[in-house]
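Please look through the sequence and the model shown here before reading the report.

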Amino acid sequence: MTDILTLEGLTKDWFGVPAVSDLTLRVRQGACLGLIGQNGAGKSTLMNMIGGIVAPTAGRMLWRGQPYSPASAADAAAAGIAFIHQELNLFSNLSVAENLYIDGFPRRLGLIDWRRVHARTREILARLSLDVDPRLSVGNLSPGERQLVEIAKALHNEAQLLIFDEPTTSLTARETERLFDTIAALRAEGRTIVYISHILGDVRRLSDDIAVLRDGRLVDEGPVDAFPVTRMIRSMIGRDLGGLYPPRTAAPRPRPVLEVRGVTQPGVVEDVSLTLHEGEVLGLFGLMGSGRSELARILFGLDPHQGGQILLDGAPLPAGPRGRIRAGMAFVTENRRDEGLMMEASIADNLSLVSLREFGRRPVGLIDPQALSARTEAARTELAVKAGDIAVQPVKALSGGNQQKVVIGKWQMSAPRLFILDEPTRGVDVGAKYEIYALIDRLAAAGGAVLMISSELEELTGTADRILVMNRGEIVGGLDRAAFSDERILSMAFREDAA
Amino acid sequence: MTSLAERALDAAVRHATYLIFAAVLLWFGLQSPVFLMPESLANIVKQSSFIGIAAIGMTFVLLTGGIDLSVGSVMFLAALIAGMVMRALDLPVPAGMVVALLTGVVLGLINAFFIVVLRVIPFIVTLATLFLFRGFGIWLTSSTQFDFPPAMRAFGLSSILGVPLPIVVFAAFALMAHVVLAHTTFGRQVYAFGNDPEAARKSGVKIAWVQARVYVISSACAAVAGFVLIAQIGRLDAGFGEGREFDVIAAAVLGGASLMGGSGTALGAVMGATLIQTVKMGLVFTGVNLYLQPILQGAIIFLAVLADGLRNTRMRSRLRRTIRTVEPASGPAGRRI
Amino acid sequence: MIPAATAPPSASPPPFTPRRGLGARAGDLILSDYFVLYLSIAYVAALAPFLPTLTAPGNIVNVMSNMWPLLVVAIGQTFVLAIAGIDLSQGSVVALTSVVGAMLITTAADPAVLAKAPIWGLVLTEGGGPFAGLMGGVGLAVMAMLLVAALVGLLNGTTVAVLNMPPFMVTLVGLITISAFAIWLTQSENIARLPESFIKLGKGDIVSVHIGAKDSPQIPRREVYSFVTYAMVIAVGVAVAAHVLLNRTIFGRWVLAIGMNRRTAEISGVPVRRVIIAVYVISAMCAAVGAILYSARLEAGRPTLGGGTFLLDVIGAAVIGGTSLFGGKAKIIWTFFGVLFFVLLSNTLNLMNLSSFQVDMVKGAVILGAALLDVLRTRLMQERRR
C-alpha cells in the first residue's frame, strides 16, 4: 500500500522550545492510524502543521507523493484533508446543508441553487445514514448528529484523509458506536483515517497502526496487534506506571461528610446515592455523557434536581452554589478557562476570589490588603505555583498545570470540607499531574473529602480509595481499592442498557 | 413529548413580534376604525420607510454581532453631499440619490477600515464617526439650513404606478436585502460570521471581507434613508438624523435581530420599523398625550426584546443534553440493567 | 524531569536593568495609570502659548465647574462598564431627577407656564413645591432625587440580571421612556426659582481667591475666583468613595470579577445578580448627583437635561480614561483623567472660537485615538508578558 501522507523530519520550535522535533511518520493510504500521547506531547502542534494553522520550522510533508506546505486551513481542505475536532466548527443558526456549503454555494441565475444544495446534501447524509432534513437547523441536532454533519462536510469537500481529534468526548456511548460504524464505512470507501484519543481502547479497536508521541518525538510505532494497552501506556509515559502516582498518606475515617440519597433529575441522573467519608478520595468514573459532570453540577447546586437529598456533615444543603460554598463545598470544574479562572486577572486576584469575605472589614467590606496578600502568598508557596509576582502576573500566562493549581488553591483558601474535582488533570502535563495528585492526597489527609471525577481510569485507580462507576445517569457499581480492576470498571461503564 | 400547550407557547414566543403587531393593529382598530383604512395603513408604511430602510442595513451589522451608531450622522451627511453635488452639477434627483448612496458607501468604508483593519471595536468606531460625520456635515453647511432644488420635493412626493416613491424605495431595499441575506453565499456567510467568526474563518469564509461589507451596506442604507426623507421635506437642517441610531437599532431588534449576532432578517427589520410607526400613528389617532407616546413605544420595544430573550432561553434549554431518555411515567423508569 | 512542550514562564522576576531604551520608557508611559493626565498636561502646555486665556484663573474655574457634574455621572458609568454592561439611561435619569428635585423645592411656579403640567395642583402650586420654605426641604428633595434614581437603577438592574436581557436594549428603553416621562411631567417646561441653599450646591464656593492687588475694600464679584466649590467637594467626595468601593472592597472585587468572567464569578460564590443590580443602582444614583449639580448651576429643573450627545460624552470620557467596554478593566482614576481631558478639549475648542461642528469632529477623532491607543496598550502588555 502507498503512503498518502509522509512527514519527514518535521520540526516546530516555539521561541526555541521544540514542540515537535524531527518527526518522521507515514500514514498508509486507506488505513487507520491511531495517534496517542500525553497532553503536551506535541499532538496538537503536529495537527496544526498538517492543517495549515502553523508552519513547521524544519522538515517537509508529502501529500500523495507531492510536496505539501499548506498556508491556511483552506489549503488543507482543498488538498483533501479534513479535521473533526472535539469542538465542532458548525453554525448552529444555519441549516445542515448551509453548513456544508458555507464557503461557497452553487448558483443559478446569480442566486443560491437550493435544489442542488439540498439534493446533494441529502445524498451525503444518506451515505452516513443520518436521517435528518438538510433544511433543519444544526442547533436542533444532538452532539452525535452534529459530529456526523461535520463528517458530511468532510465528504462534501471530497476529503481523502479525515483526522479525528478526541471525537467522542461529547458523545454518548450509543453515539460513539454510531461514529465508529461511520468510520468503518469511510474506510470501506477507501478513505484514510487518523484517530487521536485518550481512550486507548477505542484507539486499539479502530486502528491498524499505532504511533506514540512523547515530548514532540515519535517514540514508538507498530501494528495494532503488537500494541497492547500496557505498551501504549509505557510508551506514552516513558516509564512504568509505578512512579506515576504518589502514595496515599492517610486512610478514610468512618465519619461521613457527603451523603447523597436518591438524587434524581429526569433526563439527567436517576436515583443516585453515595456516601463520602472524611479523609476519603472517591473516584467517579464514567464515559462522556454518562452524567458524571452533570451530577457534580447538581451536587454543587448549579443545576436543579427533583428528587432525593444531599447532606453535608448530616445537614441538608441550601440551594445554589453560594449557600453550598458557605456550607463547605468546593468545585473545580472541568472547564478551567470559562468557569474556573479569570484568565486576564492576576494570580492573586484569582486565588482570593472565593474567600474574599474573610478579608472584609465591616461595615463596607473594606479589604485588609496585608492580610490578603499574606494569605495568597502563603497559598502560592504551598501549591508551588511557578510564577513571578502573583499580584501582577495574569493566570493566562501560566502553564496548564500551574493554572489548575491556582484553581484548586482558590478553593483551598476557603478551607472546605468537600472537594468536587471534575477532570482535575485535563490539559495538565505529566510532571504537574503528579503534583496535583499529591495535592489531592494532602486535601484528604487534612480531613477533607474528595470526589474526583475523571475519564482517565488509570488516574482514578492510582489515587482513589474507592471508585464508583456511572453509566447513563446512574451509579452502576463500585469497587474498593483492593478490588480495583480496569476490566470490571470498564465493563460497567460501557454496558449498554437494553432500551 | 411536548404537550400541545407547550408547543403553543413555543410558537407564541417564536412569533411574538407578529402577535404584538396584530394586537396593536386590533387595539387601535377597535379604538378608531379609520385607522385600518387602506390610506392610513399606506401612510404608516410610507412614514416608516425612513427608519425602515436604515434598519434593513443595520440588520446586516447586527447579524455579525456588531453595531453601527453612526447611521444618524450618515443620513445627514450623505443627504447633504448629494444635495450639494446636485446643486453644483445641476444633476437630476435620481442621480442625486446615487450620489447619496455612493457617499454612504464611502462613509461605510471608513467605519470598516477602523473595524476590520485596525481592529477597534465597532461600538467605539461608530461612536467616533457619529461625531466626525456630523461635524464634517455642519462644517460644509456652516451650520445653516440647506435648501434643495425644487425638483427634490417633486421627486419625493411623486409616485410610481400610484405607489408613493418612499414606499417603492423601501420595498426595493427590503426585497434586495432579503434576497442577499437568504439566497446568496455572502448572505449566509453573514449569519455564519455572527454565529462564530472563528469557525467561519476555519471554514474558509473570508471574514474580513464579510465584516467590511456589512458596514458599507449599513451606511449605504442609512444614506438612502436620509435622502428619501429629505426628498419629502425639501430642506435639511443641522439636527437632521440626530439620535436616530437608537430608533434604527430598536426597529431592527424589534424585527428579531439579536444584538449578539447570528439572528435576524431583512423582512423582520421592515416589520420592526412598521410596528414602531404603527404604534406612533395609533397613539396619534387615539389622541394619546403627545408626551406620553414615547413611553408606550418604549414599552412595546421592551416587550419585543423580552420575547426575544425568552425565545433564546427556551432554545437553549431544549439544547441541553439529555443523558437518559425520559420514560413515560408509568412503571419503574429505565431501571433494567 | 521531562521538559514540558510549552515554555514554562520564568520563575524569577525580570532582572533589574538600570539603562532602558527610549522605546521601553515610552511603553512605560503609555501603560501608566497617569498617561491621560500626562496627556492633558502636555496638551495644556502645548496650547498655552497660543491661548493665553487657557491658563487664566477664570478659565480654570470654568473648566473645573464643567468637570464636576460630568465626572460624577461618568463614575457611575464606569461601574457599569466594569461589569461589561452599559447604561444608556443615565442622561434620562439626570432629566427626571432634575425635574423631581425642582418641583419639590421651587419657591414659586408660574401658572402661565406650568398650569398644563400634570403635576400642577398635585405637587406644584403658585406657592411652589411642597418642600418650599420647609426646614431641610432641600435635603429632603435631594433624598427624593436619589430615591427616584435608585428605583430606576433597580428596575434596570433587575431586568438585566434576572431576565437576562441585553443591557444595551434595557437601558435604551429606559432612555426613551424616562426622558419622555420627565418631559411629560412638566410638559417640557423648566421649573425655575430654586431656593438659594440648593443653588449653592452647584455654584457656591467654599474657598475663593482674589488674584491681583487689593485696591479697594470691596472686591468686584468677577475678580473672585471660586476654586473650591461645593460641586467640587461633592464630586471629589463621590470619586474618592467610588475609588475605595471599586478598589478596596469586596464589592469592588466582585464587580471586576463579574466583568472579567461571569461564569467563574458565579461558581466562585459571587452573588452575581445582586452585584449587577447594585451596579445599575449606583449608576443611576450617580446620575442623580450629576443632576443636582447641573440643576443647581442652571438654577432650574430641566426635563431636557442630559439629552443630545451627553451620553456619548459620558461613555467617551470613561473609555478615553482606559476603561474597557468588555468589562473587568476599570479604574476611577482613569475616568477622572478621561473626564479632565474631555472637558479640557471642549474648553480649548471653545476658546479657539471653534463652532460646535469642529468640537464634534475633534471629539470623534479623540475617541478614535483613544481606541487605537487601547489597541496599542493591549499589544504592548502582551509583548511585555513574553
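## Basis of the report

The model is predicted, and local features are described here only where pLDDT is at least 70.

## The contact between chains B and C

Chain B contributes 36 residues to the contact and chain C contributes 38 residues. Between them the two chains bury about 3500 Å², and 89% of that area lies on carbon and sulfur atoms. On the chain B side, the residues that lose the most area to chain C are F131(B), F246(B) and Y291(B), which together account for 22% of what that side buries.

Polar pairing across this contact can be stated briefly: there are zero salt bridges between chain B and chain C, and the count of residue pairs in polar contact, with both residues at pLDDT 80 or more, is one. The helices α6 (122-141), α12 (244-254) and α14 (293-319) of chain B each supply at least two residues to the side that touches chain C, and α6(B) gives the most, with 13 residues. Sorted by class, that side of chain B holds 31 nonpolar residues, three polar residues and two charged residues.

Just after α5(B) comes R119(B), which takes a positive phi of about 60°.

In chain C, helix α6 (residues 137-162) is made of 26 residues and reaches 36 Å from its first C-alpha to its last, which is close to the 38 Å expected at 1.5 Å a residue. N164(C) follows α6(C), and its phi is likewise positive, near 55°.

Chain A is divided into domain 1, covering 3-241, and domain 2, covering 244-494. The centres of these two domains of chain A, taken over C-alpha atoms, are separated by 33 Å.

Over all chains, a search of the whole structure finds 37 salt bridges. One salt bridge is formed by R60(A) with E8(A), where the closest N and O atoms are 2.9 Å apart. Because R60(A) lies in strand β4 (residues 58-63) of chain A and E8(A) lies in strand β1 (residues 3-14) of chain A, the pair ties together parts that are 52 residues apart in sequence.

## Backbone features in loops of chain A

R64(A) is not a glycine, yet it has a positive phi of about 50°; its place is in the loop between β4 and β5 (66-67) of chain A.

A cis peptide bond, with omega of about 5°, joins R362(A) and P363(A). P363(A) is placed in the loop between β19 (360-361) and β20 (366-367) of chain A.

Notes. Residues numbered from 1 in each chain as written. Chains lettered and ligands numbered in written order. Predicted model: local features only at pLDDT ≥ 70, side-chain atom pairs only at ≥ 80, totals over all residues. Heavy atoms only, no water. Contact = heavy atoms within 4.5 Å. Buried area = accessible area lost by both parts, 1.4 Å probe. Salt bridge = Lys/Arg side-chain N within 4 Å of Asp/Glu carboxyl O. Polar contact = N/O pair within 3.5 Å; in protein donor to acceptor, adjacent residues only side chain to side chain. Helix = DSSP H or I, 4+ residues; strand = E, 2+ residues; numbered from the N terminus. Nonpolar A, V, L, I, M, F, W, Y, C, P; charged D, E, K, R; others polar. Domains from an automatic or database assignment. Expected span 1.5 Å × (residues − 1).
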